[in-house]
Amino acid sequence: MKVPFLDLSLSHRKVENELNDAFARVLNSNTFIMGCELEAFESEFSEYSEARYCIGVGNGLEALHLILLAYGIGAGSEVIVPSNTFIATWLAVSQAGAMPVPVEPVESTHNIDPERIEAAITTRTRAIIAVHLYGQPADMDSINAIAKKHGLIVIEDAAQAHGARYKGRRVGSLGDAAATSFYPGKNLGCLGDGGAVLTSDPVLADKVRKLRNYGSSIKYHHDVLGYNSRLDELQAAILRVKLKRLDDWNECRRKTAVLYTDKLRGAGYVLPTVPDFATPVWHLYVVRMEQREQTQAFLASQGIGTIVHYPTPPHLQPCYADQKWEDQPISQTLAAEVLSLPMYPGISEEAVDYVVDALRTSEGHHASTGCC
């Protein structure tokens with residue numbers, strides 16, 4: 001049996017006719033940039049996310065970057081970031097000219113630890129970026145309280161958490177602004193690159209709209225030095241189709257996560273922890289183990305696809321080698337032990353059982369050979 005890490009074809013087949021209709025609609029409109037499909041998607045996704053405004057942009061990294069620029073965060077500024085995250089969170093800060101300041105995660109959830117944030121704040125700190133890693137919300141009330149105390153902006157990186165809730169509220173509406181990605185493998189993914197900014201601040205929304213479109217809100221009139229970062233009509237039309245199915249697909253992910261948790265309990269792996277405040281959408285199902293490389297190789301030999309999210313923390317990446325970073329021991333430990341199991345809408349219980357049986361076999365093999 002083969003179980004890929006991700007199989008988009010299962011969900012795409014369910015909406016194939018709608019996707020074809022969306023393509024035909026855009027093709028026949030002869031409008032491919034900044035048209036009615038984008039306007040409609042922005043309205044629909046802002047309502048879904050419980051934010052007043054959505055501004056479609058080129059990708060998730062640019063969404064973060066444009067938020068920082070719109071807030072005037074640049075050279076001389078510092079931004080609190082998780083030490084355990086995909087590097088895009090850090091790159092956005094660096095591209096804005098500011099300095100990322102890493103804060104370690106809560107080891108049980110892998111999300112930024114609010115209790116460690118205040119120690120990282122200086123007179124140069126302007127913002128906190130909270131990442132909802134793996135589809136699970138960070139502790140936003142605690143983060144917002146710290147930000148309010150110190151006069152800081154709170155930005156959500158919600159790229160992995162479309163539809164997740166924190167104490168009943170949607171991510172994307174929990175800070176001053178949020179950035180998200182519609183990379184194809186996300187819970188809500190387009191058929192290429194795409195992203196969006198979410199906010200309830202009309203001033204920020206207006207600034208981001210200009211920044212994404214050459215600094216212009218009126219054709220050939222440019223108020224600021226802008227960028228070309230626009231979600232195109234075809235991707236917006238595709239996302240409109242998928243948005244209607246997002247809650248159903250997230251529920252499929254939740255049921256798969258329940259199966260993994262129930263079937264792997266007692267197998268010797270560290271399983272995900274979900275705080276009471278969180279309703280995750282299980283973008284990833286991540287387990288921890290000491291013999292990660294051996295386990296991953298064994299699973300691959302059984303036809304099971306897995307990925308490591310993420311093998312090298314940002315502070316240890318070559319592009320940041322010129323900075324003198326303090327060790328981030330929790331993030332470094334997680335990077336050495338995490339493994340993401342197959343997770344996607346449509347994965348069968350038979351496939352989950354096959355993955356679980358292989359994991360239990362692998363764990364037993366390590367124990368019998370003294371590897372663990």
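Trainee: Why is Leu27 called partly exposed?

Mentor: In this predicted model, Leu27 has a relative accessible area of 45%. Buried means under 20% and exposed means over 50%, so at 45% Leu27 falls in between and is called partly exposed.

Trainee: Where does Leu27 sit?

Mentor: Leu27 belongs to helix 2, residues 16-29. Leu27 is also one of the residues of a nonpolar surface patch, together with Phe23, Phe32, Ile33 and Met34. The patch has about 450 Å² of accessible area together.

Trainee: How do you know where empty space is left?

Mentor: Rolling a probe the size of a water molecule over the atoms shows it. Here there are 2 cavities of 30 Å³ or more.

Trainee: What makes a space a cavity, and what makes it a pocket?

Mentor: In a cavity the probe fits but cannot get out, whereas a pocket is an open set. The largest cavity holds about 110 Å³ of space. Of its 15 lining residues, Leu8, Ser11, Lys186, Asn187 and Arg253 are the closest to its centre. Helix 1 (9-14) and helix 9 (246-264) each supply at least two residues of that lining.

Trainee: How is the lining of the largest cavity divided?

Mentor: Into 6 nonpolar, 5 polar and 4 charged residues.

Trainee: What lines the second largest cavity, and what is its volume?

Mentor: Its volume is about 60 Å³. The lining includes Phe45, Tyr48, Ser49, His162 and Arg170. Helix 3 (residues 36-49) gives the most, with 3 residues.

Trainee: Why does the lining of the second largest cavity have a charged residue?

Mentor: The lining divides into 6 nonpolar, 5 polar and 1 charged. Asp, Glu, Lys and Arg count as charged. Arg170 is in the lining, so Arg170 is counted as charged.

Trainee: Which residues lie nearest the centre of the largest pocket?

Mentor: Phe86, Ser181, Tyr183, Lys186 and Tyr310, out of 31 lining residues. The volume of the largest pocket is about 580 Å³. Helix 4 (60-70), helix 5 (88-95) and strand 8 (177-181) each supply at least two lining residues. The lining divides into 16 nonpolar, 11 polar and 4 charged.

How values were computed
Residues numbered from 1 in each chain as written. Predicted model: local features only at pLDDT ≥ 70, side-chain atom pairs only at ≥ 80, totals over all residues. Heavy atoms only, no water. 1 Å grid on protein atoms, 1.4 Å probe; cavity = no way out; pocket = protein on both sides within 12 Å on 5 of 7 lines; lining within 4 Å. Points joined across faces, edges and corners; volume = space filled by probe spheres on them. Helix = DSSP H or I, 4+ residues; strand = E, 2+ residues; numbered from the N terminus. Patch = residues over 30% accessible without salt bridge, like charges linked within 9 Å, V, L, I, M, F, W, Y side chains within 5 Å. Areas by Shrake-Rupley, 256 points an atom, 1.4 Å probe, with all protein chains shown as cover. Salt bridge = Lys/Arg side-chain N within 4 Å of Asp/Glu carboxyl O. Buried < 20%, exposed > 50% of the residue type's maximum accessible area, 1.4 Å probe, protein only.
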